[in-house]
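Take a look at the structure below.

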2 protein chains.
Amino acid sequence: LIDCGEGTQMQLRKARIRLSSINNIFISHLHGDHIFGLYGLLSTLSLLGRKSPVNLYAPEAFEAILKVHLSDFDIHLSFEINFIPLRSKDPVTVLSDKHVTVTAFPLKHRIPTFGFLFREAPRERNIRKEALAMYQIPVHKILSIKKGSDLELPNGETVPNDLITFPPPEPVSYAYCSDTQYFKKLSALVKGVTVLYHEATFSAGEKELAVKTGHSTSDQAAAVARDAGAKKLLIGHFSARYKDTGILEKEARSVFPETYCVTEGRYYDISNLDTF
Amino acid sequence: LIDCGEGTQMQLRKARIRLSSINNIFISHLHGDHIFGLYGLLSTLSLLGRKSPVNLYAPEAFEAILKVHLSDFDIHLSFEINFIPLRSKDPVTVLSDKHVTVTAFPLKHRIPTFGFLFREAPRERNIRKEALAMYQIPVHKILSIKKGSDLELPNGETVPNDLITFPPPEPVSYAYCSDTQYFKKLSALVKGVTVLYHEATFSAGEKELAVKTGHSTSDQAAAVARDAGAKKLLIGHFSARYKDTGILEKEARSVFPETYCVTEGRYYDISNLDTF
């Protein structure tokens, strides 16, 4: 779960996402619209009797705040919180397992704020069905072949790996950048990302206001996507002044055509960009 | 506004209640489901540029907590909060203006918790239309006649007030009791209330669990309404274990027939009990 504004638990329920499936919570910064749903979510997980720990990645100041707050509000969680403090000025890998690697990197906002880059781990190669039969591949060799080994036949011959396997789909990645003002280095931090979520609080004409408040304009978000070589750009976090966010999408598309305004409750599949 | 759980600002918007119309916020106790929407609501009021102060009635410990929290989350409100601490063991009038008198009184829960009794101020008498013409009542006498004065005619005669006026509708009242376990004295504290809202977390068979957790059963809520001589009872705060709350309503009605389970988003008019 990335950020947890007020009402997140209701939205999760509406989207039929099981609360118990959330094991890692990433908090970009300590402004209310990114965190005021966290206490409620943690309380509900506890009411549901959760036992396994939750990994919480957040700006370092939050560890003490959370502790005081849980005590102030008489909350006794049924599970542990494993707090991973964010503080570095450089990108840091905060989570790496067989599925995903997550890097946190600093953004440029009014208070310490972090972006997150999620890179899917490379999957193993797939063995061609016909090769299994043709070479009578024994079960105990499957694992090493999937990792790229060649096959040695009983007669001493060697079959090169790429004859008996085909490559897995390209790993996908997702970057979340909110809240932040524009800075040139950001595109390098998310270089080659599949899908970039970037805030676009203001329209292109409001660059001064954007800098003043630590936010970005639509065309700045698009410039980051373009310079990073992203495949798709999702923009959101629009100022309430824009009744019609179509104008922001249009501005962004003039810089990066594959831009989409996020729609509340919609499902975007980063492994299937046709869902955008 | 009485209590402010997570998502309150969204619910208010859904109900088309103007956020700016809220001047008094009453917080019963410092458990998350009664307060986690407050930070978001205050932040939004500030974003909307509110200038006039908000009166906040809450258990005394909350004053310090709120101050720290606003600072932790970098919230700079555009308006003042006038904090009225609740701490007394006896009923205390915390607000009294020309419309309403509000009394706070202690409930019996796991942490300091307060109920609230809202009593509409008696309205002025209404002058009969035909009397206005018949006695040529001068404008400057209207105010005192509405307050009950007799009318002195130019010829020295006196017309008694009840000949030229009729009484206003009976003032109504509303009491909010959540969360609390059952205690006998509660019905005296809300004696004669028009509409009682009382929690009914558990069904009648769970009295032990109710006491242990500081909550009430459906029939206990009904007993309070009956002993107070209330006109209607609203029950709510049901444990999630009850998929069908009809059973709780049925149990309560066997003690106090005019019981209704609250329905989210429904509008109940305490001046028009036909809306129940």
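B:Glu124 is partly exposed, with a relative accessible area of 34%. Here, buried means under 20% relative accessible area, exposed means over 50%, and partly exposed lies in between (1.4 Å probe, protein chains only). This is a predicted model: local features need pLDDT of at least 70, side-chain atom pairs count only at pLDDT 80 or more, and totals for chains, interfaces and linings use all residues. Residues are numbered from 1 along each chain as its sequence is written, chains are lettered from A and ligands numbered from 1 in the order in which they are written, and side-chain values use heavy atoms, with hydrogens and water left out.

What does B:Glu124 pair with in a salt bridge? The partner is B:Lys147, and the closest N and O atoms are 3.0 Å apart. A salt bridge is a side-chain nitrogen of Lys or Arg within 4 Å of a carboxyl oxygen of Asp or Glu. This pair links distant parts of the chain, 23 residues apart. B:Glu124 sits in the loop between β6 (114–120) and β7 (126–127) of chain B. B:Lys147 sits in the loop between α5 (142–146) and β8 (151–152) of chain B. Helices (H or I, at least four residues) and strands (E, at least two) are DSSP runs, numbered from the N terminus. B:Lys147 is exposed, at 62% relative accessible area.

Now turn to B:Lys232 and B:Glu258. Their side chains meet in a salt bridge of 2.6 Å, N to O. This pair also links distant parts of the chain, 26 residues apart. B:Lys232 lies in strand β13 (residues 232–236) of chain B. B:Glu258 lies in the loop between α10 (246–253) and β14 (259–261) of chain B. Is B:Lys232 buried or exposed? B:Lys232 counts as buried, at 12% relative accessibility. B:Glu258 is partly exposed, at 30%.

A further salt bridge joins B:Arg123 and B:Glu120, at 3.0 Å from N to O. B:Arg123 is partly exposed at 44%, and B:Glu120 is partly exposed at 21%. Over all chains, a search of the whole structure finds 16 salt bridges.

Next, the two copies. A rotation of 179° with 0.1 Å of shift along its axis superposes chain A on chain B, with an RMSD of 0.2 Å. The two copies are therefore related as by a two-fold rotation axis. In chain A, the C-alpha nearest the axis belongs to A:Gly7, 2.5 Å from it. Copies are superposed by least squares on the C-alpha atoms of residues with pLDDT of at least 70 in both.
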